[in-house]
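Have the viewer open as you read.

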Amino acid sequence: MDKIKGLVKRENGYRKMTADEAKACAAYNADYLSYLGIAKTERRAYDEAVRRIEALGFVELSTKDTLKPGDKVYRGYHGKTLMAVVIGEEPVAKGINVIGGHTDAPRIDIKPVPICEKGGIAYFDTHYYGGIKKFHWLTHPLALYGVIVKPDGTKVEIAIGDKPEDPVFQITDILPHFGAEQSGKKLGEAFDPEDMDIVVGSIPVAEDEDDEDVKEKVKLNILRLLEKEYGVTEEDFLSAELELVPAGMPRELGLDRAMIVGYGHDDRVCAYAGLKALMDLPAIPRRTGMVLLCDKEEIGSVGATGMDSTFFENSVAELIARQNTPSPEVAVRRALEASRMLSADVCAASDPHFPTADSPNNMAMMHAGGCMIKYTGARGKGGASDARAEFIADLRRIFAADGLTWQAGELGRCEKGGGGTIALYMARYGMDVVDFGVPLFNMHAPWEAASKYDCYMTYRAYKAFLAD
Ligand code: MN
Ligand code: MN
């Protein structure tokens, strides 16, 4: 008898990797590690992406009056959201192949009036950003990144905690010896986010530097220090964006080094894969290829730099305006409708220690390639952007032609899992969109784990899609 055809297989891809693939996979991940160590905030991810694409000849869209096939351009919003484009053989009005990811990640933000003193310790008051398990962030060494902008426009860049000589910051926790009351509480209620202040100092100001207007002397010492070392005042924090992220660099995980543990895989792992795929495209692709790296996904894609803004359609209009297109207004609408996108976001990998969260046969497995999530949402697909079968069939064709390993899954067991990405914001233009990204262990933890094999296969899937 012939072997049965068309079986769905989900296998560890490392088993059948060729020597050439292993080499390419290693090189890909070495570069990803260096990117991830730099891109610790959305602003830094933006700057690093621009640095890389400019080195390849991409120029700011505003510097060009016309666009021809093969042109490489980019456009940004507020130093956070980025669109990078390679103009295709076909006019933009015929549609764009888009890889859309996000570069913000869960973290701890600093409040506008942060400096306070309690019991002789000076703290910065914080407000967490995105979906976190609060206890993960207690006692962890934290690095502080961001900008403080003064009314005259001067920008002070802050990056403290990742150089070996730097100090770090910490949210303290109660010791287990005194922790009986805390241990008796529900996990979700045990940690009051108002108590998640970070320690910034504990030395009172010297007597000859005193100022009687400030009663708290440790706070005063910190104010003196901020003035001296950074030239900023307490008021300057009103116009600042400061983020606490885990201090430390991404590392290889395990004796076999099969995985990478790092902060912010969600979603810099897909952002990097998309960017690299665009950078490696043929000189003139058939359709225009685009990578969209947006901000604020973790808090609902809101705001000017989130996917719910008009950034994408404005940017498409800017492209169309440079192609001498008849009836440009309707051409923009047509381009939006005829585009198609891989919503490049991470998903949950099945964790052998937490099987009750799994949907058997429909969960991503580590090392089985990038994972396609046909629909996200929760409880009866609520809030999902459910991709149509015809689009998925076409993606099967593209991936098979390139000999790719990939898998299909859901975001966890029915009524136990769920979530959303930027897919639905793009689907409203009428375009085809589906989620496709790297499966993770401990998503949204300070340190997330990803498979090197899956990172590499996801990049190849994005590249095959952009080149189609
Ligand atoms: Mn994400
Ligand atoms: Mn996320």
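Start with the two metals: the manganese ion (ligand 1) and the manganese ion (ligand 2) sit 3.3 Å apart, and Asp266 coordinates both. Before going further, some housekeeping. This is a predicted model, in which local features need pLDDT of at least 70 and side-chain atom pairs count only at pLDDT 80 or more, while totals for chains, interfaces and linings use all residues. Residues are numbered from 1 along each chain as its sequence is written, chains are lettered from A and ligands numbered from 1 in the order in which they are written, and side-chain values use heavy atoms, with hydrogens and water left out.

What holds the manganese ion (ligand 1)? Its protein donors are His102 (NE2), Asp266 (OD), Asp345 (OD) and Asp345 (OD), at 2.1 to 2.6 Å. A donor here is an N, O or S atom within 2.8 Å of the metal (3.2 Å for Na, K and Ca), and since water is not among the atoms, sites may look incomplete. Along the chain, the donors of the manganese ion (ligand 1) are spaced as H-x163-D-x78-D. His102 belongs to strand 4 (residues 96-102) and Asp345 to the loop between strand 14 (340-343) and strand 15 (347-348), so this pair ties together parts that are 243 residues apart in sequence. Helices (H or I, at least four residues) and strands (E, at least two) are DSSP runs, numbered from the N terminus.

Now over to the manganese ion (ligand 2). Its protein donors are Asp266 (OD), Glu298 (OE), Glu298 (OE) and His444 (NE2), lying 2.0 to 2.5 Å away, and their spacing in the chain reads D-x31-E-x145-H. Again distant parts of the chain are linked: Asp266 is in helix 5 (residues 265-279), whereas His444 is in the loop between strand 19 (439-441) and strand 20 (448-451), 178 residues apart.

Two strands pair if DSSP finds at least two bridges between them. Strand 12 (residues 259-262) and strand 20 are antiparallel and share four bridges, with Val261 partnered by Ala449 in strand 20.

Strand 1 (residues 59-60) runs parallel to strand 2 (residues 72-77), joined by two bridges; Val59 has Val73 in strand 2 as its bridge partner. Strand 2 then joins strand 3 (residues 81-86) through six antiparallel bridges, among them Tyr77 with Thr81. Three residues separate the strands in this hairpin, where His78 takes a positive phi near 55°.

A second hairpin is worth a look. Strand 5 (residues 107-118) and strand 6 (residues 121-129) run antiparallel, joined by eight bridges, and Lys118 stands opposite Ile121 in strand 6. Two residues lie between the strands here, and Gly119 has a positive phi near 55°. Strand 5 also pairs with strand 10 (residues 240-246), antiparallel over two bridges, with Asp109 partnered by Glu243.

Finally, step back to the whole. The protein chain has 10 helices and 20 strands, and 53% of its 468 residues count as buried. Its C-alpha atoms fill a box of roughly 85 × 60 × 45 Å along the principal axes.

Terms used:
Buried means under 20% relative accessible area, exposed over 50%, partly exposed in between (1.4 Å probe, protein chains only).
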